[in-house]
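Here is a short report on one protein model. Look at the structure first, then read on.

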Amino acid sequence: MLLPVLALCGLAVVLAQHRPPTYTAEARLNVGGFNITAQEVPGFAGGAIQLATTYSRAVYSPDVLSPVAKKLHRTPARIMSEVTASPVGDSPVIRVDGASKNRAEAIAVANATARAITSYAVKLARSNPDSSRLLREYAAARKRQRAAQLKHGAGSSQADLAALRSRTLATLYSYSVGGQASSNVVQVLTPALGASSDRNSIRQQYLAGALLGGLAIGVLLAMLIARSEERRAESASPRKVWAAPRAASRPQEPQPERPEPVHTE
């Protein structure tokens, strides 16, 4: 039983040693910034956790994969197979993992993807369709204001109402643009500085599989050997021929003598 176990375990160690290791580097992002005043707002923590989940799923977006692939001179499909992102528990932290057969490449993939996610978050926050709409409405309100002043006079109620409408739209547009300017929602918390190898974990998996397989083969071989020994012992022992017992013979009773015939003439 031990011979198959030892043989398979030795083979597993050799295979694990000659297998090229895969390196994994980790970078972390923070959603919501580090502003303590903003974090005291009710609902801010829950919103940041939801945003962390949303931005972690955006790692496979073309707006994230394309810049990383262009920077590292690879295809987006290859970057997609080498990078993963996931939120860390109930926290506004995103974990970005980059994997590669080379340690330096794994670190580069993780850091490039982390920066691409931050840029993508800024792009989403600044692409507010309300800003362009408010700008168009403000321009139209200014034209109506000038038309009302020319038609009814500068101090008329129509001109004042048009001016109030114009100032309201200008204020809304200013708030929209100001929010876009300060929309740095996702920031790099810790960049990837090193990478870990999976050689030890792969070796343990190989050894576990070899141990189970060796035990199964050893038990099977032991059963076959035991059966073969039993058959050999049976064939070597002398065979006893069974004979049916004979019936006991009864003593024959004396037959009465017959008188010899008398011949008379």
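## Salt bridges and the core

D97 is buried, with a relative accessible area of 13%. Buried means under 20% relative accessible area, exposed means over 50%, and partly exposed lies in between (1.4 Å probe, protein chains only). R95 counts as partly exposed, at 33% relative accessibility. The side chains of R95 and D97 meet in a salt bridge, 3.1 Å from N to O. A salt bridge is a side-chain nitrogen of Lys or Arg within 4 Å of a carboxyl oxygen of Asp or Glu. Salt bridges that share partners join E26, R28, R95 and D97 into one network.

This is a predicted model: local features need pLDDT of at least 70, side-chain atom pairs count only at pLDDT 80 or more, and totals for chains, interfaces and linings use all residues. Residues are numbered from 1 along each chain as its sequence is written, and side-chain values use heavy atoms, with hydrogens and water left out.

The structure holds seven salt bridges. Three of them are listed here.

| Salt bridge | N to O distance |
|---|---|
| R74 and E82 | 2.5 Å |
| R78 and E82 | 3.0 Å |
| R95 and D97 | 3.1 Å |

E82 takes part in a bridge with R74 and in another with R78. Both R74 and E82 are buried. E82 has 11% relative accessibility. R78 is partly exposed, at 39%. R78 and E82 are four residues apart in helix α5 (residues 76-82), so about one helical turn separates them. Helices (H or I, at least four residues) and strands (E, at least two) are DSSP runs, numbered from the N terminus.

Now turn to the nonpolar interior. A nonpolar core is a set of buried Ala, Val, Leu, Ile, Met, Phe, Trp, Tyr and Cys residues joined through side-chain atoms within 4.5 Å. The largest one has 32 residues. Those with the most contacts inside it are A25, L29, V83, I94, V96 and V186. The elements that give two or more residues to this core are β1 (23-31), α3 (44-57), α4, β2 (83-87), β3 (93-100) and α6 (103-126). α6 gives the most, with ten residues.

What does V96 touch? Not counting residues up to four places away in sequence, its partners include A25, L29, V83, A110 and I117. Contact means heavy atoms within 4.5 Å.

Helix α4 spans residues 62-72, and V64, L65, V68 and A69 are buried there. Seen down the axis of α4, the buried residues fall within an arc of 115°, so they line one face of the helix. The arc is that of the directions from the helix axis to the C-beta atoms. The face turned away from the buried side of α4 carries the exposed residues P62 and K70. Just after α4, H73 takes a positive phi of about 60°.

Helix α9 (residues 199-236) holds L211 and G214. Is G214 buried or exposed? G214 is buried, with a relative accessible area of 0%. G214 and P4 are 210 residues apart in sequence and 4.7 Å apart in space, C-alpha to C-alpha. Not counting residues up to four places away in sequence, G214 touches M1, P4, V5 and L8. L211, in contrast, is partly exposed, at 40%.
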